[in-house]
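Please work through the exercises below with the sequence and the coordinates at hand, trying each task before reading its solution.

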Amino acid sequence: MASKTVEDVLFPGINVRVEGVSDFSGILVVEAVSTASPGRCPNCRKQARRVHSTYQPSLDERPLGARRVIVRLRVRWYFCDRGSCSRTTFVEQVPGLSARYRRSSIGLAGWLRSIATELGGRPAARLCRRLRLTAGRTRLLSC
Ligand SMILES: [Zn+2]
C-alpha cells in the first residue's frame with residue numbers, strides 16, 4: 001500500500017501544506033499553509049501578483065473522532081493592482097477549504113447546512129451540540 005502524506009489524508013485535493021498538528025485538551029489544532037496559486041480579486045477577478053502580507057484565520061473543521069478540529073490556515077493578503085477596481089487588498093481563499101466571511105471550513109459548512117435543512121432551527125442546534133459540532137443557531141441559519 002502506498003503511503004500517503006498528511007495532506008492527502010486530512011485535506012484530499014486541497015492546496016495546503018500541513019506544518020503541524022497539536023492536541024490542546026482534546027482540540028486538534030492543524031497548522032496549515034495555502035499552496036494555491038495566487039487568488040483573484042473578488043471584485044474585478046484580476047489575478048493577484050503582489051502579496052501585501054499574510055493572515056492566519058482559524059477555521060472550525062469537521063471533528064476527528066471525539067476531537068474538535070481547528071485549522072489555523074495561513075493565507076496571503078494580496079493587493080489588487082487594477083486601477084479602476086474599488087478594492088485595494090483582499091485575502092485569498094483556498095478552494096474546497098475556506099470561503100469569505102466564513103469561520104467554518106467548506107466541509108463543516110456543508111454538514112451544518114445539511115443538518116439545518118433536515119431538522120431546522122432548535123433541533124438542528126441540539127444535534128450539533130450533541131455531535132460537538134461548533135454551530136450556534138445563527139450560524140446554522142446562515143450556512
Ligand atoms: Zn480588483
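**Exercise 1: the surroundings of I106**

Leaving aside residues up to four places away in sequence, I106 touches G96, L97, S98 and A99, where contact requires C-beta atoms, placed from the backbone, to lie within 7 Å. The model is a predicted one, in which local features need pLDDT of at least 70 and side-chain atom pairs count only at pLDDT 80 or more, while totals for chains, interfaces and linings use all residues. Residues are numbered from 1 along each chain as its sequence is written.

Task: determine in which helix I106 lies, and whether I106 is buried, partly exposed or exposed.

Solution. Begin with the secondary structure: helices (H or I, at least four residues) and strands (E, at least two) are DSSP runs numbered from the N terminus, and I106 belongs to helix α2, residues 106–119. Next, apply the burial scale, on which a residue is buried if 20 or more other C-beta atoms, placed from the backbone, lie within 10 Å of its own, exposed if 12 or fewer, and partly exposed in between. I106 has 17 other C-beta atoms within 10 Å and is therefore partly exposed.

**Exercise 2: the packing of α2 against α3**

Task: state at what angle the axes of α2 and α3 cross, and which residues meet in their contact.

Solution. The axes are lines fitted to C-alpha atoms, for helices over the stretch in contact, with angles running from 0 to 180 degrees between N-to-C directions; those of α2 and α3 come within 8 Å and cross at roughly 135°. The two helices are therefore oblique to each other, given that angles under 35 degrees count as roughly parallel, over 145 as roughly antiparallel, 65 to 115 as roughly perpendicular and the rest as oblique. From α2, L112, I115, A116 and L119 meet P123, A124, L127 and C128 of α3. The residues of this contact divide into eight nonpolar, no polar and no charged, where Ala, Val, Leu, Ile, Met, Phe, Trp, Tyr, Cys and Pro count as nonpolar, Asp, Glu, Lys and Arg as charged, and the others, Gly among them, as polar.

**Exercise 3: positive phi in loops**

Task: locate the loops that hold S25 and Y101, and decide whether S25 is buried or exposed.

Solution. S25 sits in the loop between β1 (16–24) and β2 (27–34), and its phi is near 45°, a positive value in a residue other than glycine. With 6 C-beta neighbours inside 10 Å, S25 counts as exposed. Y101 is found in the loop between β6 (89–91) and α2, where its phi is positive, about 60°, although Y101 is not a glycine. Y101 has 5 other C-beta atoms within 10 Å and is therefore exposed.

Terms used. Contact = placed C-beta atoms within 7 Å.
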